[in-house]
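Here are my notes for your first look at this model. Please keep the structure open and check each point as you read.

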Amino acid sequence: MKEGFLPKNDFHSIFFTDQAEHCSDDIKTLFLRHLEYSLVKDTTNVQPWDIYFALGLSLRDKLIERWLRTQYEYRKQDVKKVFYLSMEFLIGRLLGNTLVNLEEYDNAYDLLKEYGHALEDIMELEPDMGLGNGGLGRLAACFMDSLATQAYPAYGYGIRYEFGIFKQNIVQGYQVEEPDHWLKKGCPWEIQRPEISYRVRFGGKVISEEMPDGRTLHRWVDTNDVMAVAWDIPIPGYKVDNVNNLRLWQATATDEFDFDYFNSGDYVRAVEKKNISENISKVLYPNDNIHLGKVLRLEQEYFFVSATLQDIMQGWKQDHDSFAELPDKIAVQLNDTHPALAIPEMLRILIDEERLDFATAWDITKRCFSYTNHTILPEALEKWSVELFRELLPRHLMLIYQINNHILGEVTRLYPGDITKMRNLSVIEEGPEKNLRMARLCLHGSHAVNGVAELHSQIIKDRIFPDFYEMYPQRFQNKTNGITPRLWLKVCNPQLASLISEHIGDAWVADLDLIRGIEQYAGDPEFLDAFLEIKQINKKELSRHIFRVTGIRASADSIFDAQIKRLHEYKRQLLNVLGTIARYLRIKENPQAEYVPRTVIFAGKAAPGYHLAKILIKLINNLGVVVNKDPDVADRLKVVFLPNYTVSLAERIIPAADVSEQISTAGFEASGTGNMKFALNGALTIGTMDGANVEMAQEIGAENMFIFGLSAGEVSALKKGGYNPYDYYNKDGELRRAIEAIASDMFSAREKGIFDPIVRSLLDSGDPYCIMADFRSFLEASQRIDDLWQDRHAWAQKAILNIARVGKFSSDRAIREYAQEIWDVKPLLLDLP
């Protein structure tokens with residue numbers, strides 16, 4: 001490290017002392033100051049939004065001194081740092097979590113009560129920061145919380161999308177997408193850093209020059225450039241002084257407008273470049289079914305990693321003279337393949353700008369990077385056409401070919417004459433259109449590769465990348481996903497959190513293994529009654545929300561059976577729908593019988609271009625219309641689709657759920673984290689042995705879950721043996737009647753035939769996700785739910801065991817494993833006066 005990188009006077013200590021005195025102001029002083037001086041409001045014109053914004057700014061003030069001191073200490077002590085790169089951060093709302101982490105919740109509650117406002121109502125005003133699509137982005141948010149709570153020196157990097165994941169409306173049963181302008185009224189948490197901006201280049205050409213020493217110098221010229229401007233969000237840990245940083249990049253033009261066009265009266269052309277540049281960070285996941293969408297998506301990915309790598313390298317060069325120690329001081333984690341271009345970008349910087357030779361640069365790069373795989377679906381393993389790269393990123397295409405040539409040389413040495421090995425291990429996919437396979441680039445360019453559940457990690461080694469596992473066995477690891485107990489219990493279910501803390505203390509909030517202490521109360525009738533009372537309160541609140549949003553009256557005395565996740569065939573919302581139709585037809589056939597009341601709750605968004613998933617949303621809504629209005633059914637069955645699924649909606653549903661549907665086809669879900677959130681809040685899982693369900697069954701006990709269906713091995717064997725869905729259709733009368741109800745337009749009387757694609761997917765397309773094969777087992781598991789529900793204490797006992805035994809699935813545990821076994825980073829706990 002360079003000597004004297006910090007000023008030799010004690011300005012920094014004076015500064016931090018002054019800041020400490022400022023931040024010692026209580027929340028009330030800060031709040032009133034921001035209302036008057038930041039928002040220019042007084043008691044005569046203040047609105048509820050002003051209350052939220054001023055409270056957010058006040059909490060940010062309390063974070064600032066800790067935040068600055070954290071960054072100062074990380075730099076001063078030259079500790080190894082983690083840089084977590086993710087295209088998605090599904091943060092949700094920050095107010096509640098920040099209040100809890102800063103231990104200011106009670107103070108804020110009392111303050112707002114003094115001024116005639118309820119904190120709960122003000123928290124509802126905060127828009128979700130929907131900078132993600134699903135589990136990948138939510139995992140990144142949980143990891144940022146755990147990194148700060150455990151005092152690991154870490155930085156998150158992503159994109160500041162102006163419009164997040166779309167807002168979902170339901171119109172006549174159909175999903176209708178609208179822009180999610182989460183920044184419309186501003187965001188109190190973020191801080192713009194206009195002085196931190198980097199030029200990101202696209203297109204152009206590469207000029208190669210032979211140097212006197214025999215090396216070739218490559219210059220990337222005539223490029224079209226955009227600027228990446230930093231916006232920072234402080235991420236506090238729970239009951240620690242450490243505050244880490246999430247840096248999001250916004251795209252802006254190199255020039256605001258062209259004066260020549262402006263002066264000639266062409267005002268549209270004058271600002272055209274600015275508008276085109278800003279499109280890069282305009283929206284999360286542009287539709288890539290069209291060429292322009294693919295171009296924009298690739299531009300987003302490179303924009304993000306280029307700005308991030310330039311930022312990392314600039315920070316490094318401020319304090320170090322050599323790159324030799326770079327892998328000993330930085331660890332770069334790639335959250336799936338979206339940031340894969342960081343690998344050739346680091347090579348480009350080291351070779352073209354820092355004049356390192358390829359062998360040295362490649363060794364440094366591999367030792368810096370690690371890669372998390374999140375999927376086994378072939379369509380989700382990113383590929384980009386060589387021609388698109390040639391157009392947008394010509395220098396990176398050259399580098400990827402150079403990497404590939406180097407790798408194939410090693411493959412030839414290890415496996416002489418094995419053409420199959422060369423084809424399977426090549427980054428380049430040959431064919432009529434050559435493609436770059438980004439997962440393979442990550443596998444070659446990282447020192448560690450991990451799956452996110454034990455089953456998933458085994459499938460990666462055995463089925464998806466067996467040749468890579470043979471070549472690099474030491475690189476492959478498992479890191480089972482986890483969730484933060486701060487948000488997913490203490491914040492979203494405060495009454496249950498209080499009940500637990502009253503009996504075992506609150507140390508579990510920072511060490512979820514300690515929640516095992518409540519297992520001793522699983523046989524205590526008084527504790528079970530208290531748990532059931534809290535669950536009923538949460539269910540009544542959700543019932544009111546359901547009625548406000550949908551007009552459906554859901555009885556809080558029914559089983560609340562929830563499946564909330566993005567719509568995809570492998571997640572098998574359709575299996576749940578078929579089971580619900582079978583239940584409905586049973587009631588219709590014998591309306592005088594006794595049935596355990598059930599409310600089936602769906603929520604989730606379908607990708608705008610995913611037609612079958614969008615039709616399934618329509619089917620769920622139409623099924624609800626028929627079932628909910630049928631007098632024969634009454635309150636014995638309700639079907640609810642709650643629109644616009646977000647983190648904040650999950651915080652409302654999960655504490656109220658009795659049953660958690662985790663029913664993906666075994667061998668297809670990487671991990672899942674919704675399963676963990678539901679279990680932590682005392683919902684019982686009906687699920688297949690897929691993803692993290694397998695480990696949950698080991699920890700919680702399969703007898704405390706409702707396990708059904710084929711295993712991953714059985715699914716594979718069934719398909720190899722020639723799976724015929726008609727075999728199940730013909731022999732199972734209930735399955736046949738449920739499908740016939742869809743095909744006969746029972747749920748589409750006014751739009752006949754609209755659900756034919758769903759029927760065809762089951763019968764004529766081979767039922768790729770084995771819905772038919774698992775249908776009977778699913779109904780039997782559902783019957784076991786009904787049977788247990790009738791013994792309320794037996795149900796509550798299993799719920800308590802779920803809560804008590806879910807400690808393994810904390811994101812704190814996951815982060816410790818990454819830190820110790822992949823990143824080799826150590827905590828640096830701050831202790832500020």
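1. Contact here means heavy atoms within 4.5 Å. Leaving out residues up to four places away in sequence, D145 touches N97, N101, I235, P236, T484 and R486.

2. A word on the source: this is a predicted model, where local features need pLDDT of at least 70, side-chain atom pairs count only at pLDDT 80 or more, and totals for chains, interfaces and linings use all residues. Residues are numbered from 1 along each chain as its sequence is written, and side-chain values use heavy atoms, without hydrogens and water.

3. D145 sits in helix α7 (residues 135-149). Helices are DSSP runs of H or I with at least four residues, numbered from the N terminus. D145 has 5% relative accessibility, so it counts as buried (buried is under 20% relative accessible area, exposed over 50%, partly exposed in between; 1.4 Å probe, protein chains only).

4. Which side chain makes a polar contact with the side chain of D145? That of R486, at 2.7 Å. A polar contact is a pair of N or O atoms within 3.5 Å; within protein, one must be able to donate a hydrogen and the other to accept it, and residues adjacent in sequence count only if both atoms are side-chain atoms.

5. Look at helix α25 (residues 611-628) next. Its 18 residues should span 26 Å, and its end C-alpha atoms are 26 Å apart, which agrees. The expected span is 1.5 Å times one less than the number of residues. In α25, 15 of the 18 residues are buried, so the rest of the structure largely encloses this helix.

6. The disulfide count is 0, with a disulfide taken as a pair of cysteine sulfur atoms within 2.5 Å. The sulfur of C492 is 11 Å from the closest cysteine sulfur, in C142, so it is too far for a bond. C492 is buried, at 11% relative accessibility.

Conventions
Helix = DSSP H or I, 4+ residues; strand = E, 2+ residues; numbered from the N terminus.
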